[in-house]
Amino acid sequence: KVLRMQKYSEDLTLAHEYYREQDYKNCLKVYDILFHKGEQLSIGNLKEYAISLQKNMRYFESIEIARKILDKKRVDIDIFLNMCICLGKIGKYSDALEYYNKILKINKNYNIQIGYYAYLLGQVGKNEMADFYYKIAIDIEPDNAWYISHYAFFLQRIKEYSRSEYYYKVALNKDKNNSWVSKRYAYFLKELKGKEKAYSYYEQLFVENPYNYNYYINAAELAFISNDIEKSLRYLEKANSINKPKVMEIILRFYWAIYYILSDDLKDFEKEALALKSLRRQYTEFIHRDLTDLSFYISNNLSEIKKQKYEYISSILYKGE
């Protein structure tokens, strides 16, 4: 028993050291073992566990642990922020906002992740407030490419095109290899200047970085929603030929399944959906993918049967089922 207690104490010290060094991956490994063994963890330990789960994109589990903390301790700003981030990441924007608003009631000058607060406000249509807080966020962190790029996207959505273009260019300058920003900028070009302008932008990116599989996948998505199915095939085949991590193999399978939906190829769709399911089962982490434009296109242009097929593979992609 003494040895067990000593090991428990050493593990807690180790987890805390990892947490202090912001090594959330290794911190999480230690806490996972302790938690699943049923060890008693203090509120301080649970906080470190919840935040490490969030940093490793295990949002649902982080929310569960955070709720345990809030049951015991009604007010905890760190955990309010953690809940805000996790709920926002899983698409529960109104719930996420409630937690950030709780923080602002306690401290009206709080500004950690204030750009994320602006993003959430934009997601629920509070555009004036979102604009106000994005400006504050960028003023505080002028080099934060996430804030800048999401502000650009927000401005595009509210049709403030000249400001939007300015911020897209700033974001691309600060984080030129970020494929989400380049994807959003390609859609911006399509909206303003037509699909050919967006395609030529991708062609330029392929020359600059011929092994970026994300560029080809995103170009295929652009081709889907532009009704250029033959073009999408060329991009998907190119993405196939480049070495990728497992998460990208899963995402690419998802896009192949969409290709078969759009091509009315039921047999290959079924095969692809099975391959997707099998691969997804081997990968337990949360998958982020911005499907805003694709989902909008599918819900507005496809038959009910095709929409159901899309919902089916989206469920596999996000939930593994």
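**A close look at the cysteines**

Modeller: Happy to! Let's start with Cys27, which counts as buried because its relative accessibility is 0%, and buried here means under 20%. Please keep in mind that this is a predicted model, so everything below is computed from it.

A disulfide is a covalent bond between the sulfur atoms of two cysteines. To count as one here, the two sulfur atoms must lie within 2.5 Å. By this rule the chain has 0 disulfides. For Cys27, the nearest cysteine sulfur belongs to Cys86 and is 15 Å away, so Cys27 is in no disulfide under the 2.5 Å cut-off. Cys84 is in no disulfide either: its nearest cysteine sulfur, again that of Cys86, is 9.2 Å away. Cys84 is also buried, with a relative accessible area of 0%.

Now let's step back to the whole chain. It has 18 helices and 0 strands. Its radius of gyration is 22 Å, close to the 20 Å that the globule rule gives for 321 residues, so the chain is as compact as a globular protein of that length. Along the principal axes, the C-alpha atoms fill a box of roughly 65 × 45 × 40 Å. Among contacts between residues at least 6 apart in sequence, 57% join residues at least 24 apart.

Take Asp11, found in helix 1 (residues 2-20). Asp11 is buried, with a relative accessible area of 12%. Leaving aside residues up to four places away in sequence, Asp11 touches Val30 and Leu34.

For contrast, look at two loop residues. Met57 sits in the loop between helix 3 (43-55) and helix 4 (59-72), and it is partly exposed, with a relative accessible area of 26%. Asp264 lies in the loop between helix 15 (246-262) and helix 16 (266-281), where it counts as exposed at 60% relative accessibility. Each has a positive phi in a residue other than glycine: near 65° for Met57 and near 60° for Asp264.

Key
Residues are numbered from 1 along each chain as its sequence is written. This is a predicted model: local features need pLDDT of at least 70, side-chain atom pairs count only at pLDDT 80 or more; totals for chains, interfaces and linings use all residues. Side-chain values use heavy atoms; hydrogens and water are left out. Helices (H or I, at least four residues) and strands (E, at least two) are DSSP runs, numbered from the N terminus. The radius of gyration is taken over C-alpha atoms; the globule rule is 2.2 Å times the number of residues to the power 0.38. Contact means heavy atoms within 4.5 Å. Buried means under 20% relative accessible area, exposed over 50%, partly exposed in between (1.4 Å probe, protein chains only).
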